[in-house]
Amino acid sequence: MRLIFWSVIWIAIQAELGASEKDLYILGLYPETGGWSLPLGPLTSTMALDHINSREDLLPGYKLNVEWRNSDCSDKVALESFINSLTSNRTYLGVFGPGCSVAAVSIANISPAYGLITFSYAAASPSLEDEVRYKYFIRGLASDTSIAVGRINFIENYGWRRVAIISQQEELFVYNSYVMEEVLTDLGIDYRTGSFDTKSLNVDVQIKNAINLILETGYRIIIANMYEDAAIRFICQVKLTINPLPYLTWLMIGWYTSDWDRDAYSITNGKCTSQDIRDVINGAVGIVPYQLYNTILQSNETTISGFTPQELYNAYRQIALDNNIDFETEHDSVDAYVYDSLWTYALGINQTIAEGYNPDEFSYTNLEFTQSLYVNTFSQKFMGWTGEVSYFGRERKADTVQV
């Protein structure tokens, strides 16, 4: 009887402690739609939050939450979501995302005016390295500069001496092209460049001009810097324009989803199918500035969450199945970086609170809290789902690029 009595008291105490937890909010921006999407991103963050909030030694007395808004992989939509959220009654400690660089650039540029850090789990544009323009920006993976370096090494390894660089006119890709051009010049490798703007009324003419560059020069090594939907449009036009089609070697962006070309028929207005796209770029090489699952899952080390990478992967897969999401087509290695980045964020908030800064007193003019959180976040080091997590300056150290 006495045991039952004390059990009831203990349950009551635990309920009281749970009820007294205060909610902390981060504004999450992810590409639900757009040139690149990450459908499992919010679900992966939910898994991370469950693990974070279950730790008694982490954020004691608080519960961390992420409220997600669609950025559409667009600067305008991301900015609209950001402003609408900040003019609500909710107070956010910071921004988590956006994933696309074009959206992250606009948010990282304006967030300091609201006293907020922007922590992106995937935006890889080298331009975001500018600490003056993007004052409180942090990212959970390396910049695309490492992709340029990886491509250069690939080109040197095969002894290629002539390449064509075709870029979508977005800051991420234009900057990447610029980095490559400098290195190729130093190495004495001949190159030609072409570009097109998907927002332009003359985009079809621009794409044809870029293709004419390939025809006129006879270059057969094609470096394609573009989002998925733009790549579909460009590759389809290559098929329609160059006949017969010679063998071309394509160096593509490696972070496309596995079924990135599934909407080819609608994007090209019925001119090309998904199979047409794959036939044109058969044998293409993709390079990413992070590890893919086939590398991540080789580790048996226990992560900060208490689980191994394989156990986290299994749970992640189950979440997709429970939500009727086709895991085989929708899963993305970036989701593991979403997970580790959110842990980094939580540890940074925890350290800031431990230093005596009260999140209950946070406001968008409380720069002391923001400055402390900013430094504490990129100072973290731990074993994550994607391996050892540590930062060089404001971005995740690049242990490898993967082909």
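Helix α14 meets helix α15 through T344, Y345, G348, I349, Q351 and T352 on the α14 side and F369, S372, L373, N376 and T377 on the α15 side. By class, the residues of this contact are 4 nonpolar, 7 polar and no charged. The model is a predicted one. The protein chain holds 15 helices and 14 strands.

**The α14/α15 pair**

- Two packed helices are described by the angle between their axes and the distance between the axes.
- Helix α14 covers residues 334-354, and helix α15 covers residues 367-377.
- Their axes come within 8 Å and cross at roughly 130°.
- Angles over 145 degrees count as roughly antiparallel and those from 65 to 115 as roughly perpendicular; α14 and α15 are therefore oblique to each other.
- The crossing of α14 and α15 is right-handed.

**Burial of α15**

- The buried residues of α15 are F369, T370, S372, L373, Y374, N376 and T377.
- The cover over these buried residues includes α14.
- Strands β4 (118-120) and β5 (137-139) are also among the elements covering the buried residues of α15.

**F369 in detail**

- F369 is a residue of helix α15.
- Its relative accessibility is 1%, so F369 counts as buried.
- Leaving out residues up to four places away in sequence, F369 touches L93, T352, Y357, N358, P359 and F362.
- T352 is also one of the α14 residues in the contact with α15.
- F369 and I349 are 20 residues apart along the chain, and their C-alpha atoms are separated by 9.4 Å.

**The α2/α12 pair**

- Helix α2 runs over residues 41-53 and helix α12 over residues 309-322.
- The two axes come within 10 Å and cross at roughly 125°.
- α2 and α12 are therefore oblique to each other.
- The crossing of α2 with α12 is right-handed.
- From α2, the contact uses L43, T44, M47 and H51.
- From α12, the contact uses L312, A315, Y316 and I319.
- The residues of this contact divide into 6 nonpolar, 2 polar and no charged.

**Chain-level picture**

- A compact globule of 403 residues would have a radius of gyration near 22 Å; the protein chain has 23 Å, which agrees.
- The C-alpha trace spans about 85 × 45 × 40 Å along its principal axes.
- Of the 403 residues in the protein chain, 54% are buried.
- Take the contacts between residues at least 6 apart in sequence: 74% of them join residues at least 24 apart.

- D326 sits in the loop between α12 and α13 (327-330).
- With a relative accessible area of 45%, D326 is partly exposed.
- D326 and E355 are 29 residues apart in sequence.
- C-alpha to C-alpha, D326 and E355 are 44 Å apart in space.

**Backbone exceptions**

- Most residues other than glycine have a negative phi, and most peptide bonds are trans.
- G97 and P98 are joined by a cis peptide bond, with omega about -10°.
- P98 belongs to the loop between β3 (95-96) and α4 (101-110).
- The peptide bond from N243 to P244 is also cis, with omega near 0°.
- P244 falls in the loop between α8 (228-241) and β9 (249-253).
- L59 is not a glycine, and its phi is positive, near 50°.
- The loop between α2 and β2 (62-70) holds L59.
- L59 is buried, with a relative accessible area of 2%.
- N269 is not a glycine either, and has a positive phi of about 55°.
- The place of N269 is the loop between α9 (264-267) and α10 (274-280).
- N269 has 70% relative accessibility and so counts as exposed.
- In short, L59 is buried, whereas N269 is exposed.

Terms used:
Residues numbered from 1 in each chain as written. Predicted model: local features only at pLDDT ≥ 70, side-chain atom pairs only at ≥ 80, totals over all residues. Heavy atoms only, no water. Axes fitted to C-alpha atoms, helices over the stretch in contact; angles between N-to-C directions. Helix = DSSP H or I, 4+ residues; strand = E, 2+ residues; numbered from the N terminus. Parallel < 35°, antiparallel > 145°, perpendicular 65-115°, else oblique. Left-handed = near helix turned anticlockwise from the far one by under 90°. Contact = heavy atoms within 4.5 Å. Nonpolar A, V, L, I, M, F, W, Y, C, P; charged D, E, K, R; others polar. Buried < 20%, exposed > 50% of the residue type's maximum accessible area, 1.4 Å probe, protein only. Rg over C-alpha atoms; globule rule 2.2 N^0.38 Å.
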